[in-house]
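Let's take a walk through this protein together, from its overall build down to a few backbone details. Keep the sequence and the 3D view open as you read.

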Amino acid sequence: MTIRLADTHAHLDLPEIAPDRDAVLRRAREAGVELIINVGIGLKNSRQVLATARRYPGLRATIGIHPHAAASLKDGDLEALTPLAGDPLVVAVGEIGLDFYRRRSPEEVQKQWFRRQLEWAAALKKMVVIHTREATAATLKILQDSRSHLHGGVMHCFGGSWQEARSFLDLGFYLSFAGPLTYPQAGALREVAGKVPLDRILLETDCPYLTPQPWRGKRNEPAFVMATARQLAEVRGLPLAEVARATWENSLRAFGLEEKDILGER
Ligand SMILES: [Zn+2]
Ligand SMILES: [Zn+2]
């Protein structure tokens with residue numbers, strides 16, 4: 001039986017990966033990773049992730065500004081990216097959100113640009129990929145305020161409690177689990193992953209960051225999503241093939257993709 005996986009959150013244009021991207025993507029294919037969402041984090045990077053998605057089979061792109069870069073934004077910047085959104089390879093706006101852990105941009109500036117990008121996504125009729133760190137309550141409040149014009153979304157690298165999981169599920173969002181699900185100290189997170197409805201779970205690497213066990217300490221890459229899939233299978237008490245199939249189908253549904261289009265590009 002073929003194991004087919006999706007890595008729904010990768011950064012293939014960061015300098016940690018870009019120089020040997022051909023080899024990285026070859027290893028991904030060998031590991032059964034047939035779909036990769038290449039996620040934008042800035043103005044220039046959003047153009048790069050789309051250009052990369054055009055060059056390889058099974059890739060899609062998102063465009064958006066990470067909260068770290070919020071302070072560098074100015075009026076007109078989102079409008080300048082708008083033409084990219086018409087490309088069929090652009091499947092979402094993201095990653096956008098709030099990061100009060102590193103606070104590279106002031107909180108109020110992050111909130112302002114998070115709201116503006118949610119409105120932008122609504123106007124573009126795109127779903128959203130959300131980054132939140134040490135900012136769950138504020139993120140949830142802004143998403144709830146925007147609820148009526150959301151077109152679906154993903155909480156990327158979900159690491160919250162069951163109560164927080166339920167709040168995001170109530171918004172109709174998917175929860176995406178990354179390498180930390182495999183970490184020895186992540187018992188509470190594994191318990192949450194055991195309870196989330198299986199049809200609302202995605203898998204991701206967030207590479208080059210958050211490398212799963214047993215490769216922790218090395219650079220992360222899409223092939224390693226297999227380790228997180230295995231961990232999820234163990235948590236759910238299901239065969240790997242079943243978890244792979246469910247998360248594959250969820251990924252297609254979440255990002256509005258057709259399996260025949262993705263596999264037809266090989
Ligand atoms: Zn992120
Ligand atoms: Zn990311």
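**A guided tour of the fold**

You will find Lys125 in the loop between α4 (107-124) and β5 (127-133). Its backbone deserves a look too: the phi of Lys125 is near 55 degrees, a positive value in a residue other than glycine. Most residues other than glycine have a negative phi, and most peptide bonds are trans. Please keep in mind throughout that this is a predicted model.

Is Leu210 buried or exposed? With 21 other C-beta atoms within 10 Å, Leu210 is buried, since the cut-off for that label is 20 or more. Leu210 sits in the loop between β8 and α8.

That loop holds another backbone feature. Pro208 belongs to the loop between β8 (201-203) and α8 (225-236), and the peptide bond leading from Cys207 to Pro208 is cis, with omega near 15 degrees. There is also a cis peptide bond from Gly94 to Glu95, where omega is near 0 degrees. Glu95 has its place in strand β4.

Now step back to the whole chain. The protein chain contains 10 helices and eight strands. Along its principal axes, the C-alpha trace spans about 50 × 40 × 35 Å. For 266 residues, a compact globule would have a radius of gyration near 18 Å, and the chain's value of 17 Å agrees with that. Buried residues make up 47% of the 266 residues. Among contacts with a separation of 6 or more, 72% come from residues 24 or more positions apart.

What lies inside? In soluble globular proteins, nonpolar side chains tend to be buried together. Here the largest nonpolar core has 76 residues, and the members touching the most others are Leu5, Val128, Val154, Leu175, Phe177, Leu203 and Ala229. Strand β4 (residues 90-99) supplies the largest share of this core, with six residues. Take Leu203 as an example: leaving out residues up to four places away in sequence, its contacts include Leu5, Ala6, Phe177, Val225, Ala229 and Leu232. Thr247 is also one of the residues that Leu203 touches.

Several of those names lead on to a pair of helices. Two packed helices are described by the angle between their axes and the distance between the axes. The axes of α8 and helix α9 (residues 240-254) come within 9 Å and cross at roughly 110 degrees. That makes α8 roughly perpendicular to α9, and their crossing is right-handed. Where do they meet? On the α8 side are Ala229, Arg230, Leu232, Ala233 and Arg236, and these meet Leu240, Val243, Ala244 and Thr247 in α9.

Finish with Thr132, in strand β5. Thr132 is buried, because 29 other C-beta atoms lie within 10 Å, against a cut-off of 20 or more. Apart from residues up to four places away in sequence, Thr132 touches Gly97, Leu98 and Thr139. How far is the C-alpha atom of Thr132 from that of Ala178, which lies 46 residues apart from it along the chain? The two C-alpha atoms are separated by 14 Å.

Key: Residues numbered from 1 in each chain as written. Chains lettered and ligands numbered in written order. Predicted model: local features only at pLDDT ≥ 70, side-chain atom pairs only at ≥ 80, totals over all residues. Core = buried A, V, L, I, M, F, W, Y, C linked by C-beta atoms within 7 Å. Buried ≥ 20, exposed ≤ 12 C-beta atoms within 10 Å, placed from the backbone. Helix = DSSP H or I, 4+ residues; strand = E, 2+ residues; numbered from the N terminus. Contact = placed C-beta atoms within 7 Å. Rg over C-alpha atoms; globule rule 2.2 N^0.38 Å. Axes fitted to C-alpha atoms, helices over the stretch in contact; angles between N-to-C directions. Parallel < 35°, antiparallel > 145°, perpendicular 65-115°, else oblique. Left-handed = near helix turned anticlockwise from the far one by under 90°.
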